[in-house]
Amino acid sequence: MLIRIVILLIGFLLLVKGADWFVDGTAGLAKKMGIPQLVIGLTIVAMGTSLPETSVSITAALKGNAEIAVGNVVGSNILNVLLILGVTSFIRPLTLEKSTVQMEIPFMIFVTCVLLGCGISDGKLTFLEGILFLVLFIGYLGYLFLLSKVDKGKEEDGIPELPLWHGIVFILLGLLMVIIGSEFVVKSASAVAEDLGISDRIIGLTIVAFGTSLPELVTSVTAARKGNAGIAIGNIVGSNIYNILVILGVTTLIAPAAFASQFLIDTAMAAFAGILLWMCTRRVKQLRWNTGLAMLLCYAGYVIYLLVA
């Protein structure tokens, strides 16, 4: 138990420092190339911090346990919005771009509802539905390309401009440290939970989901602390879209994923989290501490439901 706790602490240290370098590298690179923070957050940061979910889900599919991918993705998406953005909003108010409220958050809600519909229709995710997810992701990338063209050259105040090689080194080293740190945290936390007799479903939807979402958590909190709201918000929204469309898309190409009936409630909760975020920010274009508090209370209620259900 003591060794597992030490590994857990090492994992957290790697996550914190790795995320610090990763945010500095991505923000500096964005300024150097004239790319808006939001686009960087929705693409490079989002995909990078989703690597733990990608690894867990694809490995599970290759081992014939594709249904684990569903729990991992759904649990991570709930946690990303309700817990991570809830915590991040207490660091400082996060100002949302107009496109985030009008396009990216609604699209995140849409793909979550598509996942829910696929699960309701036949109780599993099939090869054809995996193709559908990947086609939607290609369309999403096309939209991001247009967004980067429209907003290119937008000034990002307070961000140091790094040499290109310096930014790339920061990104790669930071990302590597985040991934290794999350691996340490997931394994040690899961082992402790199993020792305490916690069920597999709760482990998957909470502890494993939390562990694989630690890169998003630390990266968003670090970005908010440094005043990079575009990265903090884009990281979460982009990660949730990527998790469903790419991770589940690729996973179901490898093997059909059973969509257990209890996942219907979990996926509905993920959709609700997105709707709550949109409803609370569509007018003020800002995520404030009171909205964050509501999100944290919703997540606490969800965890209580998992424990008593």
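Predicted model: local features only at pLDDT ≥ 70, side-chain atom pairs only at ≥ 80, totals over all residues.

Colleague: What makes H5 roughly parallel to H9?

Modeller: Helix H5 (residues 98-122) and helix H9 (residues 229-254) pack at an angle of about 30°, their axes being 10 Å apart. Angles under 35 degrees count as roughly parallel, and H5 is therefore roughly parallel to H9. The crossing of this pair, H5 and H9, is left-handed.

Colleague: Which residues of H5 and H9 make the contact?

Modeller: H5 contributes Thr100, Glu104, Ile105, Phe107, Met108, Val111, Thr112 and Leu115, while H9 contributes Ile233, Val237, Asn240, Ile241, Ile244, Leu245 and Leu248. By class, 11 are nonpolar, three polar and one charged.

Colleague: Why is Thr100 called buried?

Modeller: The relative accessible area of Thr100 is 2%. Buried means under 20%, so Thr100 is buried. Thr100 lies in helix H5 and, not counting residues up to four places away in sequence, touches Leu38, Ile105, Pro106 and Ile233.

Colleague: Why are H5 and H10 described as roughly antiparallel?

Modeller: The axes of H5 and helix H10 (residues 262-281) cross at roughly 165° and come within 9 Å. Angles over 145 degrees count as roughly antiparallel; H5 and H10 are therefore roughly antiparallel to each other. The crossing of H5 with H10 is left-handed.

Colleague: How many residues of each class does the contact of H5 with H10 have?

Modeller: That contact has 16 nonpolar, five polar and no charged residues. Among them are Val101, Ile109 and Gly119 of H5, and Leu264, Gly274 and Trp278 of H10.

Methods
Residues numbered from 1 in each chain as written. Heavy atoms only, no water. Axes fitted to C-alpha atoms, helices over the stretch in contact; angles between N-to-C directions. Helix = DSSP H or I, 4+ residues; strand = E, 2+ residues; numbered from the N terminus. Parallel < 35°, antiparallel > 145°, perpendicular 65-115°, else oblique. Left-handed = near helix turned anticlockwise from the far one by under 90°. Contact = heavy atoms within 4.5 Å. Nonpolar A, V, L, I, M, F, W, Y, C, P; charged D, E, K, R; others polar. Buried < 20%, exposed > 50% of the residue type's maximum accessible area, 1.4 Å probe, protein only.
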